[in-house]
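Please keep the structure open as you read.

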Amino acid sequence: MSHTIKLKKGFDINLAGKAENKISNAPKPETFAIKPTDFPAITRPKLLVEEGDSVKAGTPLIYDKMAPDVLYCSPVSGEVVEIKRGEKRKLLELRILADKENEFEDFGKYSKSDIKSLDAQKAKETMLKSGVWPNIIQRPYGIVANPEDSPKAIFISAFDTHPLAPDYNFIYRDEEEAFTVGLEVIKKFTEGKVHINISEDKEMLKMFSQAEGVQINKFSGKHPSGNVGVQIHHIDPINKGDIAWTVKPYGVIQIGKLFLTGKYDASKKVALTGSEVKEPQYYQTSVGASIKNIIKDNISGDHVRYISGNPLTGERIDADGYLGYYDEQITVVPEGDFEELLGWIKPTTSKLSIHRAIGLLSFLNKKKEYVLNTNTNGEERAFVMTGEFEKVLPMDILPNYLFKAIMAEDFDEMEALGIFELIEEDVALCEFIDVSKHELQAILRKGINLMING
Amino acid sequence: MNPIQKFFDKIEPLFEKGGKYEKYHTLYEGHRTILFRPKLVTGKKGVQVRDANDLKRTMITVVIAMIPCLLFGIWNIGHQHFLAIGETATFIQKIGIGAIQAIPIIIVSYAVGLGTEFAVCVIRNHPVNEGYLVTGMLIALIMPPSIPLWQVALATIFAVIIAKEVFGGTGMNVLNVALTARAFLYFAYPTDISGEVWTYLGDATAVDGYSGATALAVAYDTALNGTGTVLESFSSFWAEGMYSFKNMFIGAIPGSIGETSTLMVLIGAAILIATGVGSWKIIFSVFAGAWLMGLGFNAIGVNAFMEMPAHYHLVIGGLAFGAVFMATDPVSAAHTETGKWIYGFLIGILTVIIRVVNPAYPEGIMLAILLMNVFAPLIDHYVVESNKKRRLKRATV
């Protein structure tokens, strides 16, 4: 059964530097890192290794004291060389110097028929100890799922509409077997349906569009139509007390590989994108890899920002920084830390805006690929404009009121206004278009944390 | 590096912590950001690039949308002046007289308003906000051309402090700031803002038979005296053709500086709607509400004003100006999209009711908007509640 949901609201940020459908092998990164900060739920990370320890791919490195069953494992074999801490000894990064040859922990292979008959509890145990569990995200809150829960449904968005996002149809074209097996495992975790949400606007891989035993939902429209949160809202929304899980295709494939090979396979393909990249294309690398070798000799600007992830929800990292756990994209854009004479009033065709206020002419040329820098294009102000956020959030939610409820720390209002249905990526476009320049994703996360702890 | 940037860099230490003028840092920043878009960049996590628009550009868009009204208003002051004293004059002469009257009002409005704003920003250590760019122009455009400048100053101070700053500044106010200034004058100095104030006469004497009455006043008097229809009174007005529908649409009639020309207001509306800065839902529904209420009164038809054709309501008085530039103020209007329809519609209805039924206030748009400013949160409340209810209902089904 499939039905199409057409989303009219949204905005496509058309940026220069889309990855060409080509995969390169950059020299293997020397170091890898696991960053507890990639997982918003981890509040009290505990170390399982010390500096100098040797680890294999799949050796547990950390766990969260609040959810000790979920282990966060090393993506490669090597030596723990540095444990980086920040203020108040907050654990920031665990760096591993990789071996030349990757060695794996063995979690036991399964044949396809064994996987079919495998019981859910056993599958969970294997996933928890091998490092693939954090791929499973819980809604509400967008945090690593609690293995004790049984979700009402599981949702997989098979396309990413973020600016410069990788094309799953390209990077996963050879992963059908692993994806199908991963799906088989995931189906065990819910009494309800597993949903695969595909794009109607492009040709999808058969493993997505013809997956068996799942519900296929078609979506069309601009970004954020590919956001799983938006999709859930239109398929089977999260109400108070509901728990649903989401997994990215990469997670499904990684789970599939775990059961097929018995190994925690952290290799992944990432898109190197952005206007400052000489040849935007895909690279074969791994979870937590240092981006140093990938960007080497490949950057054209001299004052740039490296982003792990996409330009809407990503995180600034250093030139020798590490790819975030969930990220499949590295974006490089120019820094914008300079003043511009009368920049707030000058007519311009080079800057992108959803608005058409005097002098903003980008609406005339929708096909143009824009080079945007990191300037905020204005200072933070009180909320003044209304009715703008609604244009880019294709959900029956009143964002202004929700943000104000969060700022006022009003728990009842946050709940009533739909905080259970949103995570940061869903309001990223609101943040992008906000003329008052608020950090709306951070505000939302503050509200979510209040709901979790309150 | 630009020499102005160098100058700013040079004086910056004076305004930094520990500097001589540390207290005035917000003013330093305010001026620098008017000249230069600041070098602020996005944070570590979250959006890494941002939309080109900001509040400054949004606000200046509204100011630009008001320029047709302003230019026409300047000409019209002169036009009305020479008409009243019975002299013919060239275009340049009319503009000259108009500019002499209007520009000081604008200067006072901006100087006093910004001065008040700066003072409050320094005291409360707020960033200087661009909201007053719009308010300053609005206040000037809704003043009668003959208003004493000290009254403009007083009204501006009152409005900025009482209507805006005590609530926390731009974005926090309940009432429209410019209309509060106007309402202040209306109640504090009624003789200077009603009656024979809409035409600037200066030292000259008016021609025989001259009347400075506005169309609203004429319509109201007709209803009071019970003689003939409003349209008959319009056509027998001392200046021939003054209150024809066409002339009122074009706006060559007595009134506040910027409000008379429906045509110019519509040009402004086109700019606001095309740029997406003003809500077309509010603009449309104010006009729709006023017209439908006018039709309603036609049906009742107890007096001559009620019988005035409904579409006349749209071109007389300040309805068009209020609908386009005042009712659309996003802060004091309804914040929800459904709420905007209701809010605008009620403003239109109330304006016509106040005009026709209430003997004390010949112009209704000011009070209608202020009243609906107060009720806008209530309208929004019900829209928000229905959103919450939909969510709850979904959960229980």
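Which residue stands opposite B:Phe36 in S1(B)? A:Leu341 does.

## About the model

This is a predicted model, in which local features need pLDDT of at least 70 and side-chain atom pairs count only at pLDDT 80 or more, while totals for chains, interfaces and linings use all residues. Residues are numbered from 1 along each chain as its sequence is written, and chains are lettered from A and ligands numbered from 1 in the order in which they are written.

## Where the chains meet

Strand S21 (residues 340-341) of chain A and S1(B) run antiparallel and are joined by two bridges. Strands here are DSSP runs (E, at least two residues), helices are runs of H or I with at least four residues, and both are numbered from the N terminus. Two strands pair if DSSP finds at least two bridges between them.

The contact between the chains takes 66 residues from chain A and 53 residues from chain B; two residues are in contact if their C-beta atoms, placed from the backbone, lie within 7 Å. On the chain B side, two or more residues come from each of helix H2 (25-35), strand S1 (36-37), H3, helix H11 (262-275) and helix H17 (365-396) of chain B. That side divides into 19 nonpolar, 20 polar and 14 charged residues. In this division, Ala, Val, Leu, Ile, Met, Phe, Trp, Tyr, Cys and Pro count as nonpolar, Asp, Glu, Lys and Arg as charged, and the others, Gly among them, as polar.

## Domains of chain B

Chain B is assigned domain 1 (3-35), domain 2 (69-192) and domain 3 (255-385); the bounds come from an automatic or database domain assignment. The C-alpha centres of domain 2 and domain 3 of chain B are 21 Å apart. Their contact takes 24 residues from domain 2 of chain B and 21 residues from domain 3 of chain B.

On the domain 2 side of this contact, helix H3 (55-84), helix H4 (91-124), helix H5 (131-141) and helix H7 (177-188) of chain B each supply at least two residues. H3(B) gives the most, with six residues. This side of domain 2 of chain B comprises 18 nonpolar residues, five polar and one charged.

## A sheet in chain A

In chain A, four strands form an open antiparallel sheet in the order S3-S9-S8-S5. Strand S3 (31-34) and strand S5 (54-55) of chain A are the edges, each pairing on one side only. Strand S8 (residues 78-85) and strand S9 (residues 91-98) of chain A are joined by seven bridges, and A:Gly78 has A:Ala98 in S9(A) as its bridge partner.
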